[in-house]
Amino acid sequence: MKGKLLTGNVAAAAGAMLARVDYVPAYPITPQTEIIETIADWVREGKMDSKFVQLESEHSMLTAAGAASLAGARVFTATSSQGMLYTIEMLYNVSGWRAPLVLANVSRGVAAPIVLEPDHNDVLAARDSGFLQLHSETCQEVTDLVLLAYRVAEDRQVMLPAIVNLDGFYLSFTREPVILPEQKKVDRFLPPYEPVTPLRASKPVSRGSSVFEGFLYSYFRYNQHGAALKAKEVFQKAAEEFEGLFGRGYGPVEGYMLDDADYVIVMSNSFTALGRQAVKRMRERGVKAGLLKLLMVRPFPTEEIISALRGRKVVAVFDQNLAPGSGGILYPEIAGALYHVRGRPNAILPVVGALGGKQTTAKELGAVFDEMITIEREGKTPAPMFLMRGDELTRVKKMISVAEGKS
Amino acid sequence: MATATRFRTLKDMPTEDYISPGNTLCAGCGGILAVRIFHKVLGPNVAWVNAAGCMTVTMSYPLSPLKSNWLYTAFASAPAGAQGVRDALDVLIAKGKMPATEDMKVVVVTGDGAAYDIGLQSTAGAIDRRLDFYYLCYDNEAYGNTGFQVSSSTPYGSATKTTPATAAYPVGNAVKKKDLFEVWRSMKAPYVATLANSHGVDFLRKVEKGTGTRGPKLFIAFAACPTGWGFDPRESVELEKLAVATGIWPLKESVDGVVRHTVVPRALTPVRDYLKTQERFSHLFEPEENAGAVAAIQESINRYWAEAGAREGFQVKLPETPAEKAP
């Protein structure tokens, strides 16, 4: 079956249309805007039976989204970068409300300085918000993961909102073939949303009530954690059904050339494709290289990571984000997952790269594999790698001298 | 203009209550009284959408004094919450997913901190979008729930915890109260009104008028605050009456931009009598009277009523200001 050429943004909008969402509150931000423009268009042309409304900020957008979900609507919305940061207060509220909406985040580095291309500091700022997080490598995954996200979020054992992440530019504005699932089958996979206790005249409810004692607060928080953990199993079952219906299978993690791999790089989102190339090149050189892709970031797929990485010689975690003063954000999570494991890798190498969408070559990733091999051979403690090429540094220096009026 | 109303005298106050007694608010709270009266007019089918404030703490899991729906959102975005609820109800009814009998009036309820300050952006957005909702602001003229800090609703001359009166700052808060009524009116909200619990019939009629108006509707309820303002809780309603009598709290409405004062005192009581009843203004009188500040407050009230009278064709006898008294 041949797909239609769609940008990641249109693929996200298509996911929302196929999910027959009732309500789309929106606010523009580059590189997400095409999603809401597409939906606005489809709604006004009568192709999509939803109510679309543009709010005056992302904070309000997510408030409206969560409130509508509590009133019983299936809700889709989208944001990026600064918008994600602006919603943070509401992310925590909406997940605490157990409002199972889906938010597409089009990753873009966060200011300052202002940048348009992707890294994952935006979506990982939502890491602890209680939203489930599914990260896509391709435009096909964007559509599919939106559908899977609704299925998991609305499951009675879960009832949590979900973020589907796609990289700005690399996916958002890149046309890739996407096979759009057949509506009839989607309807079977994703029946209409049945809210548990919606706001209703005949059966009033209080939502977002305060609790003034720590034990009660702890109870609700632990409950949310339990539901988030449960989401993995629910996702796996839903993904099996999805594969049966549509022929495409997904797991919380995905391996590439992992079987006999000694050196494994862990990656997520669109740059994973570059990782695959690098692995192939290393294999051509006779290095037993492999790649592990994280599709699910929340809940954190600890068991899958352990079984994929146990027994490897060296693992590198490629973080396309930076926590200044600490390093990559996912590194400690992966190292933590492996710490107690017998047969854990001899070393875990922290790598930070592709910030603000910095072009990254397969050669740079090759250097990461070379470093892993050196670490194994010499038994040395891994030192964090921050990827930047010499030619890039030369350009920086040139620009500084222009800024200083020297040339 | 004579319009049909259910409310002729206080005896017409509906006996149904949708808020149970025994909630967690302070004795003499003007805010909860306003919510209670407001609810009587709207009837049972209401979805309240709240931002952080005194009302938030009345909904303490697993208890609620309300017989209607409640959603706490966040400090800055209750009107956006109302947008989500209203839109969801509309789309669910339109798609046949919810019977129209389940529909509700969507009401934002916040204090002045949310209405005048942190929530003004989301309020403006909801007004721009002509959202069909009610906004009830219980205005106690400061951040009451956090212990009485200045808001842009705090009147000139009030001390608050963050604008204390000191030798260097003898007035306390030296900034004039923001005119939220005019902010809403300038944004073409179809109905804007001020309320006082002491003027029940006026209160009931305005809310009734609001129910017949589609679009964004604001009700600013004067909410006497015994703990913040420093007065005996039993005086709460009397104090609101005095605020109206002095003209510092004008009762008025705006219908499609046309303003009308609904209660016009024949002669204003000097504002000094009002200021003296509350601890928050005590620095204006002790250890000695700050005649300049008191006169400034009186002058501003006098100017307001003279201008309003000229516009609407009524005359109010104004108290003399100390400056006028002086030879």
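## Terms and basis

A polar contact is a pair of N or O atoms within 3.5 Å; within protein, one must be able to donate a hydrogen and the other to accept it, and residues adjacent in sequence count only if both atoms are side-chain atoms. The model is predicted, so local features need pLDDT of at least 70 and side-chain atom pairs pLDDT 80 or more, whereas totals for chains, interfaces and linings use all residues. Residues are numbered from 1 along each chain as its sequence is written, chains are lettered from A and ligands numbered from 1 in the order in which they are written, and side-chain values use heavy atoms, with hydrogens and water left out.

## Lysine 177 of chain B

The side chain of K177(B) makes polar contacts with the side chains of D139(B), at 2.8 Å, and E141(B), at 3.0 Å. K177(B) lies in the loop between β4 (133–139) and α5 (180–186) of chain B; helices (H or I, at least four residues) and strands (E, at least two) are DSSP runs, numbered from the N terminus.

K177(B) is partly exposed, with 27% relative accessibility (buried is under 20% relative accessible area, exposed over 50%, partly exposed in between; 1.4 Å probe, protein chains only). Beyond four places in sequence, its contacts (heavy atoms within 4.5 Å) include Y116(B), S152(B) and W249(B). Y116(B) is 61 residues away in sequence, with a C-alpha to C-alpha separation of 9.8 Å.

## Helix α4 of chain B

Helix α4 (residues 120–128) of chain B is largely enclosed by the rest of the structure, because 7 of its 9 residues are buried. Among the buried residues are L120(B), A124(B) and I127(B). Their cover includes α3 (58–70) of chain A as well as α2 (78–94) and β6 (216–222) of chain B. After α4(B) comes R130(B), with a positive phi near 55°.
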